[in-house]
Amino acid sequence: MSALAMSCPALLMVFTLAGSAPTSPASTRPSPSPGGPSVRLQFKLPKAHFTAAEERVVRITLRNEGNTPVEMRDPFRDADQSLTYTLTGPEYPEGRSVSWRSFALLDPAYILTMDEAPRIRLDPGKAIEFVAYLHEWFPATRPGRYRLSAQLRQEPLIATAPPVEFDIMPSSAGPASLGIYVGEAYEQGIMAAWLQDVGGQPVLMGCHYDDRDAVEVGGMSMQAATVMGPVEPGSTEVLFPWSNAAPDGETAEWFVWRKGASLRAWAHPATTLEPFRFDLGEPPERVVRPPLRTATGELFVLVVGAGGRNLRLIRFHSTEEATEVTPGREVGRVHLPGPPVAARATLQPDSIGNGISVLLVEEVQGGLDFHHVRTTRSGRLTRVASTLVRGLRALPQSEPGLWIDSAGRLHAVLVAATLKDPQQAMLAELRYRPDGRLEAPARLKPLGRLPSAARAAVARYNPGTSRGGALAWAVLLEDGRVQHHDMWQGPMKTRYPAAVPMELYQGGYNYLLTVNPDLGPTFESLE
């Protein structure tokens, strides 16, 4: 059975509370004492199969089915200890039991709202509901069958819930892409998108991360991932856009991926299996990261064509009110002198417009040629500057960092190596005027000799309002270790493999994107 048959009928577990001895687990509707209280708890799971990364919730309804009012302490408050949940499975072979209060006391970032749960009165036929976040209370990544049960103890009411079962499916995560809002408070968080392979079926996933509680929890906090839906087998290069405007409920949120020669994009009203499309004609040399979303709901994707001799600008558009899925269209194309070995795109802060800049790096005799391509006022692409920086060679999979400041200047940076020594790392920085021309000669900064050959590299500027322009860089070595800008005890060994292409996030601290095969994107501090 496919793990993506995740829309199975909801699972229920029901038990009755009465002012008498506990009911038999085999009995789903025990009869209360004549004239006594009859309170029913109904638990509902939305589906029976989950990935380890996604949200797992159970909805609980407490209903008075008797003829008289029932008074009790509210079991759905964070001060409550009377309702205990127990999960048994591969992650917890002996079982793990928690109440809401016991979970809250173990979470250093959680602040209890009260010391004692208030008493409630349920009139006949009335009900209250609650949603328990099982993925937070019972973190679990090991695949297999899990059994959830519950027991409520409020003398004289004692009840045990019949168990309900669900599966965590085996899966593995692919490379991730990060998306932010340019000019916003960058420290507020970041989005990631990736494909999770579940039994041979690729599934599009998205998740939000932030480090607002970094001191309490020891790093980045991850929300439960959202399953966007299945995509066609053979899909690759999932990307989440950078945007110059935060979502306002009216502009569409986008995900982008590629299948062969076809660009695919998801936003309302499309589905992951019937997305927005654009046929490139043949598989491209590369899709330039990241896609770019404007405040008007437009999505721009830059593609280096097959053979690497042209750069194409593809536009998609939708809104939250849209009812039709329209194809993308090409709105710009520019000739390139040669195939680039590295590329990166960015866009202006919303305060100065929606201009797009692309930096493409070409390896030529004697050094590296940096090509700055940007959109004109009419929206067309034009190559405005080419700058040869002598004595440099490209590192494998080294992606430039770009940042457009509030004055409209483009700042660009690349981790490279010297022609004489491929293990001598160098940082090349270039700055372009608001008209796109080079403002001053490139600055070169030695980064020291790498202890082994490089597999990939990355450099990033912080584009946020509070620390705009702060620079970070990292190099992934062949042995899996990472050399970076804040290193003082030699290359770091990461807990999980570094994501390739490499990516950094600069929040309250600096983080490297890594990949947990079960949970997908994770972040490891560089400090």
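Trainee: Where is aspartate 405 found, and between which strands?

Mentor: Aspartate 405 lies in the loop that runs between strand S34 (401-404) and strand S35 (410-418); helices (H or I, at least four residues) and strands (E, at least two) are DSSP runs, numbered from the N terminus. This is a predicted model, in which local features need pLDDT of at least 70 and side-chain atom pairs count only at pLDDT 80 or more, while totals for chains, interfaces and linings use all residues. Residues are numbered from 1 along each chain as its sequence is written, and side-chain values use heavy atoms, with hydrogens and water left out.

Trainee: Is aspartate 405 buried or exposed?

Mentor: A residue is called buried under 20% relative accessible area, exposed over 50%, and partly exposed in between, using a 1.4 Å probe and protein chains only. Aspartate 405 has a relative accessible area of 6%, so the residue counts as buried.

Trainee: Which side chain makes a polar contact with the side chain of aspartate 405?

Mentor: A polar contact is a pair of N or O atoms within 3.5 Å; within protein, one must be able to donate a hydrogen and the other to accept it, and residues adjacent in sequence count only if both atoms are side-chain atoms. Here the partner is the side chain of histidine 411, at 2.9 Å, and a polar atom of the aspartate 405 side chain also lies 3.0 Å from the backbone nitrogen of arginine 409. If contact is taken as heavy atoms within 4.5 Å, and neighbours within four places in sequence are left aside, aspartate 405 is in contact with Pro349, Ile352 and His411.

Trainee: How many aromatic pairs does the structure hold?

Mentor: A pair of aromatic rings is described by the distance of the centres and the angle of the planes. Rings of Phe, Tyr and Trp (its six-membered ring) pair if their centres lie within 6.5 Å, and planes under 30 degrees apart count as stacked, over 60 as edge-to-face and the rest as tilted. The structure holds 18 aromatic pairs. In one of them, the ring centres of phenylalanine 50 and phenylalanine 166 are 5.7 Å apart and the planes stand at 80°, so the pair is edge-to-face. This pair links distant parts of the chain, since phenylalanine 50 belongs to strand S3 (residues 49-50) and phenylalanine 166 to strand S12 (residues 164-168), 116 residues apart. Phenylalanine 50 is buried at 1% relative accessibility, and phenylalanine 166 is buried at 3%.

Trainee: Which residues do ring pairs link into a cluster?

Mentor: The cluster is made of Phe43, Phe76, Tyr85, Trp100, Phe103, Phe130 and Trp137.

Trainee: Which charged end sits over the ring of tryptophan 242?

Mentor: A charge sits over a ring if NZ of Lys or CZ of Arg is within 6 Å of the ring centre and within 35 degrees of the ring normal. Over tryptophan 242 it is the charged end of arginine 344, 5.0 Å from the centre of the ring.

Trainee: In what order do the three strands of the open sheet with S41 stand?

Mentor: Two strands pair if DSSP finds at least two bridges between them. The order is S41-S42-S43, with antiparallel pairing. Strand S41 (504-506) and strand S43 (520-525) stand at the edges with a single partner strand each, so one side of each has no neighbour in the sheet. Strand S42 (residues 510-516) is joined to S43 by six bridges, and asparagine 516 stands opposite glycine 520 in S43.
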